[in-house]
There are 4 protein chains.
Amino acid sequence: MMFASDNWAGAALPVLEALVAAGLARPEPAYGDDSVTRALERRFSDLFEREVAVVLVPTGTAANSLAVATFTPPWGAIVAHEEGHLMIDECGAPEFYSGARAYRLPAHRGLFTPEGLAAGLDAIPQGLHHGRLSVVSLTLPNEFGLLYTPGELATLAAVAHDRGLAVHLDGARFANAVARLGVAPADVTWRAGVDVLSFGGTKGGCAMAEAIVLFDPARREELLFRRKRAGQLISKHRFVAAQFEAWLDRGLWLDLATHANRMADLLADGIAACPHTRLAWRPGANEVFAFFSPETAARLEAAGARFYDWSTAALAADDLPRDGEKLWRLVTSFATRPEEVAAFLAALAAL
Amino acid sequence: MMFASDNWAGAALPVLEALVAAGLARPEPAYGDDSVTRALERRFSDLFEREVAVVLVPTGTAANSLAVATFTPPWGAIVAHEEGHLMIDECGAPEFYSGARAYRLPAHRGLFTPEGLAAGLDAIPQGLHHGRLSVVSLTLPNEFGLLYTPGELATLAAVAHDRGLAVHLDGARFANAVARLGVAPADVTWRAGVDVLSFGGTKGGCAMAEAIVLFDPARREELLFRRKRAGQLISKHRFVAAQFEAWLDRGLWLDLATHANRMADLLADGIAACPHTRLAWRPGANEVFAFFSPETAARLEAAGARFYDWSTAALAADDLPRDGEKLWRLVTSFATRPEEVAAFLAALAAL
Amino acid sequence: MMFASDNWAGAALPVLEALVAAGLARPEPAYGDDSVTRALERRFSDLFEREVAVVLVPTGTAANSLAVATFTPPWGAIVAHEEGHLMIDECGAPEFYSGARAYRLPAHRGLFTPEGLAAGLDAIPQGLHHGRLSVVSLTLPNEFGLLYTPGELATLAAVAHDRGLAVHLDGARFANAVARLGVAPADVTWRAGVDVLSFGGTKGGCAMAEAIVLFDPARREELLFRRKRAGQLISKHRFVAAQFEAWLDRGLWLDLATHANRMADLLADGIAACPHTRLAWRPGANEVFAFFSPETAARLEAAGARFYDWSTAALAADDLPRDGEKLWRLVTSFATRPEEVAAFLAALAAL
Amino acid sequence: MMFASDNWAGAALPVLEALVAAGLARPEPAYGDDSVTRALERRFSDLFEREVAVVLVPTGTAANSLAVATFTPPWGAIVAHEEGHLMIDECGAPEFYSGARAYRLPAHRGLFTPEGLAAGLDAIPQGLHHGRLSVVSLTLPNEFGLLYTPGELATLAAVAHDRGLAVHLDGARFANAVARLGVAPADVTWRAGVDVLSFGGTKGGCAMAEAIVLFDPARREELLFRRKRAGQLISKHRFVAAQFEAWLDRGLWLDLATHANRMADLLADGIAACPHTRLAWRPGANEVFAFFSPETAARLEAAGARFYDWSTAALAADDLPRDGEKLWRLVTSFATRPEEVAAFLAALAAL
């Protein structure tokens with residue numbers, strides 16, 4: 001009953017097998033000049049239905065920070081939701097990597113409307129004394145596990161582009177979003193106006209593998225230099241590439257994400273049906289948000305469940321917990337077993 | 001006959017098994033709060049015979065850059081050999097991470113003498129207009145594959161400490177040095193005055209695992225913040241910890257290093273005995289430097305050997321290649337098979 | 001009728017005389033080792049009734065940015081009002097100088113209440129993933145020209161100190177605040193818990209002279225290194241020191257500020273009395289905020305008045321402009337002539 | 001007998017008068033939107049015989065650091081003479097402003113030959129692991145007070161441009177060089193291939209005024225943003241512009257420089273003629289380098305002379321002091337009175 005986070009999980013078996021294969025293969029050039037990496041680059045272009053540049057790093061913080069740094073001068077500014085991972089969870093890394101400043105905007109349940117984004121951007125002063133807005137970072141699924149449709153994304157991207165800003169998509173759980181939306185990866189990235197994607201492999205079943213996908217390959221060289229200067233170029237690079245190769249092969253990444261999403265749906269159904277718990281909103285992907293009392297939480301934890309309470313600072317009035325309640329987040333993963341969900345539902349029923 | 005670099009190799013089998021075990025184990029907290037990481041911290045303290053703080057990162061550039069950043073204010077300066085990896089091979093990462101400036105000092109075959117280091121340090125102007133020297137970074141084995149003895153290291157560290165500088169040891173191939181010297185890890189680190197060590201696992205048989213070892217654990221918290229802000233905190237942290245755990249277990253790291261060193265000795269013997277090749281100096285660990293002509297190189301490469309030519313910019317007059325010769329570097333690793341060496345020696349004999 | 005900003009003014013005559021005297025005096029050591037600078041340091045300690053360290057720079061942006069950088073590690077965070085100069089008007093300089101991230105808090109009319117500040121600080125997540133709050137920057141007079149009393153400042157400083165944060169006071173118009181409050185400089189700085197002050201001379205009658213005042217002189221050396229590394233150490237330093245010396249001598253700074261404040265009061269009285277204009281609030285120092293229509297503004301400008309419209313983004317509902325109105329800011333200075341104010345009042349009467 | 005440095009001097013009378021005039025003039029827009037600044041921009045374009053962009057700052061460190069930062073990405077590298085001001089006297093400011101790393105090259109008496117510069121540049125490794133060389137910074141007059149001819153500068157600039165590097169000219173004493181060479185400012189800047197110039201006003205008779213001159217005005221906007229972000233934009237900007245305006249007016253800058261150069265010549269003649277002192281080399285501009293004993297120095301100082309000893313670290317064997325000698329630097333300025341020189345020559349005669 002581990003619902004604390006999807007990064008508590010191990011890694012998918014094919015990914016582990018790929019690590020072993022990479023480790024036992026004959027020596028190959030380091031720093032990305034190997035055959036596994038080259039094959040992977042072709043695979044990404046196929047997957048996204050266009051020529052892309054893909055640059056691998058071991059952490060999501062690095063992926064996000066390098067991605068935005070490539071699209072902002074030091075006197076630029078990065079804009080994201082006020083609870084965006086980039087804004088509060090990465091210990092200043094985006095500012096460190098880019099030199100730019102950060103602006104936080106509110107949005108109901110973390111989902112920008114075009115009007116809200118436009119108004120937020122237009123309220124930030126720009127010019128010589130203020131610097132220039134350079135990048136909007138959106139999240140899919142977002143901070144509350146919710147999704148934009150391709151059309152919604154395209155409208156938001158247009159708001160950014162109309163003002164001369166680039167669009168970054170933080171896709172730490174991109175697989176879960178794509179699986180849920182049932183769209184092509186291209187539909188929620190470059191076709192919707194996304195300029196650069198952080199495509200997370202780790203939470204979805206890799207061990208440590210994140211990809212920065214540039215839809216304009218001309219920026220690749222700058223990004224390669226930035227990655228090296230940031231100490232993010234893995235020397236035995238094929239150990240990262242091999243993870244992605246195995247994870248993307250034959251749709252494994254989507255199968256794993258679909259499983260995680262389904263487990264989240266089951267959890268959500270049980271929570272909605274239980275009189276002592278209240279679903280905050282239907283899960284967009286694999287994160288379930290729910291209201292219940294600390295006493296209920298304690299009983300669930302006593303039964304072996306693990307999950308975190310969550311900040312309500314960014315929630316609107318009608319989304320707030322009622323008397324005695326708190327907000328909780330439960331995350332499923334590729335590794336969540338149906339038995340765990342069943343045990344949780346049984347614990348709910350026993351409340 | 002892969003002698004290009006030890007980071008062309010794969011990973012040792014026990015390391016790969018540990019990765020698989022970590023991937024299949026039950027979920028555990030992320031970001032280093034897991035049981036594997038905790039066990040590893042104890043192991044490092046045992047290994048170094050004192051309480052140390054150990055902070056893991058995926059690349060050697062990150063290890064070096066974070067290590068020195070923790071010991072310098074932004075107006076400080078880092079001093080190292082003019083061909084030190086930190087100085088020329090890390091694309092400005094040490095400056096980026098620390099904000100400090102870099103000074104390069106010459107030294108015969110990259111080995112500082114106490115007098116040379118003292119003179120070099122004392123010739124660098126210090127004060128309000130110049131900044132302050134803050135860290136000396138030494139390398140073991142060094143840029144030419146050579147070693148300091150514990151006594152030599154201690155004398156150099158004293159030169160630095162006498163002037164108020166901290167001592168960093170870049171140990172990308174620390175295992176090879178310890179194996180060759182036959183000393184305790186403590187003898188060439190804190191007992192010799194080293195303040196912080198970059199302890200490389202990757203070249204020695206891990207997939208991607210480097211450790212920063214702080215001999216004053218009080219600096220741990222600062223280093224943890226710096227690592228996170230640099231995007232270097234692996235979320236599924238046990239995948240890094242597990243590699244070190246397996247690699248350090250039952251002396252595997254030293255066995256692998258001893259093998260690599262022995263292979264280097266065999267190569268060196270063959271090169272010294274061959275009339276068409278000339279050994280530059282006896283290998284200190286697992287890197288063999290040799291002089292021979294590009295034609296000889298071409299014939300060895302035609303026989304399947306892989307190795308790089310090397311810069312002679314930092315060499316003294318009597319170390320320089322003679323007419324028609326160039327300097328070449330051949331590196332062995334834990335994965336070098338005796339058959340490869342035998343094949344190379346046969347190719348030499350056939351010249 | 002120049003009410004656009006107090007930095008449109010020239011400089012006070014005694015300041016200009018001091019520049020001439022410094023320019024004609026016999027040569028003296030550069031970089032602050034001169035007799036004028038030494039005398040000034042004593043004067044500051046006298047003025048603040050305790051031993052202080054004073055570090056001079058030519059711009060307010062540098063003063064603010066160096067001041068906060070001295071009190072935050074790179075993984076720290078600076079907190080200020082959402083319209084604070086540091087937060088939106090300095091093109092990322094505080095982040096650049098410190099490496100820290102910035103958090104913006106709302107406050108009615110820019111004046112924090114202790115409860116509001118505490119709640120704002122406590123809502124910002126802290127820890128390894130978020131970084132640590134390190135400095136609260138308050139402004140006196142604030143972004144809306146309003147003042148804290150010494151008691152209010154002390155309560156806010158206590159909120160910050162209780163949470164381990166240092167307190168910076170942005171005093172670009174500190175003279176106007178002190179003159180209006182009728183307190184000792186110590187009362188609204190160290191006695192109220194302020195750790196470091198940006199004491200602006202430029203807007204108050206200097207040509208280009210800003211002082212960073214450290215109430216803990218032990219941090220002086222770090223600040224000196226930071227100033228030099230930032231290219232902010234004036235070589236002919238006495239040209240900055242001489243300005244402050246003349247400006248502080250015999251209470252000139254307070255006389256000039258009192259004059260500016262009085263001119264602001266006259267403006268405010270006239271605006272309050274005019275049926276076509278509406279005073280937003282009584283001026284705290286030398287900035288008058290008023291509501292009137294763009295047509296009224298156009299007529300005042302046609303009569304020769306200069307002033308700016310102002311953002312209402314941070315204002316509460318009952319402070320907002322009514323139909324047809326906009327918010328305008330009019331600033332007086334040491335150089336504002338009573339005839340200018342009279343001409344403006346006549347223009348108001350003629351509306 | 002103040003020969004310690006030209007920044008010990010005050011300021012030229014016309015500069016002081018211009019400061020007073022700027023201070024007493026009617027209010028004008030801040031931050032460079034004033035009439036004095038606009039007039040100055042035209043004057044610089046006239047002076048350099050082409051459209052240039054000129055950006056003013058208060059310190060030479062800022063001028064140099066902003067100039068090079070505008071021509072290097074963070075993964076670039078700045079190359080200069082090993083005793084260049086940028087390399088050792090600016091406390092890491094160039095690295096701080098640019099993020100780039102610094103490489104120091106030797107050169108006899110600080111004067112690069114084309115072969116020496118080419119060899120130096122070509123010996124620095126470049127590529128993904130090393131970063132890319134981006135800027136060569138030359139100095140005129142250089143660290144030893146010596147000059148390049150326009151032809152020599154052009155050859156060096158070609159060496160840099162051939163390798164894709166931009167050329168920065170550090171002209172802290174540019175006036176002295178131009179006066180001595182008797183050339184047009186264009187001849188030793190853009191016509192010789194210089195991309196950006198730090199044109200120092202302070203040492204030559206201003207109080208605090210340095211200009212960055214961009215020969216490609218398209219980079220102006222980036223530089224303006226960089227200046228603001230660095231806290232280097234003076235709010236009452238005309239106080240800087242007015243200094244340059246007065247200093248450049250009717251050739252004052254060259255008259256003052258010619259005077260300083262002549263005073264240096266007289267000093268050099270006397271030193272060369274004295275049996276107890278030895279001229280190191282003929283002064284290129286206004287800095288005299290001489291060898292004599294500490295005892296001689298003590299007697300000169302006892303007679304009232306002020307000057308500094310100087311590093312010989314970068315000197316060739318035949319330039320080194322002989323037994324009992326040290327190297328000393330004596331600097332003249334616009335403010336050096338012939339009586340001071342006469343007194344010094346008398347003291348020499350009395351040795």
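1. D:E221 and A:R132 form a salt bridge, with their closest N and O atoms 2.5 Å apart; the term denotes a side-chain nitrogen of Lys or Arg within 4 Å of a carboxyl oxygen of Asp or Glu. Across the interface of chain D and chain A, two salt bridges are found. Helix α9 (residues 220-229) of chain D supplies seven residues, the largest share of the side that touches chain A; helices are DSSP runs of H or I with at least four residues, and strands are runs of E with at least two, numbered from the N terminus.

2. The model is predicted: local features need pLDDT of at least 70 and side-chain atom pairs pLDDT 80 or more, whereas totals for chains, interfaces and linings use all residues. Residues are numbered from 1 along each chain as its sequence is written, chains are lettered from A in the order in which they are written, and side-chain values use heavy atoms, without hydrogens and water.

3. In the interface, 17 residues of chain D are in contact with 17 residues of chain A, contact meaning heavy atoms within 4.5 Å.

4. The loop between β11 (326-331) and α13 (338-349) of chain D holds D:T336. D:T336 touches D:F3, D:H259, D:M263 and D:V341, leaving aside residues up to four places away in sequence.
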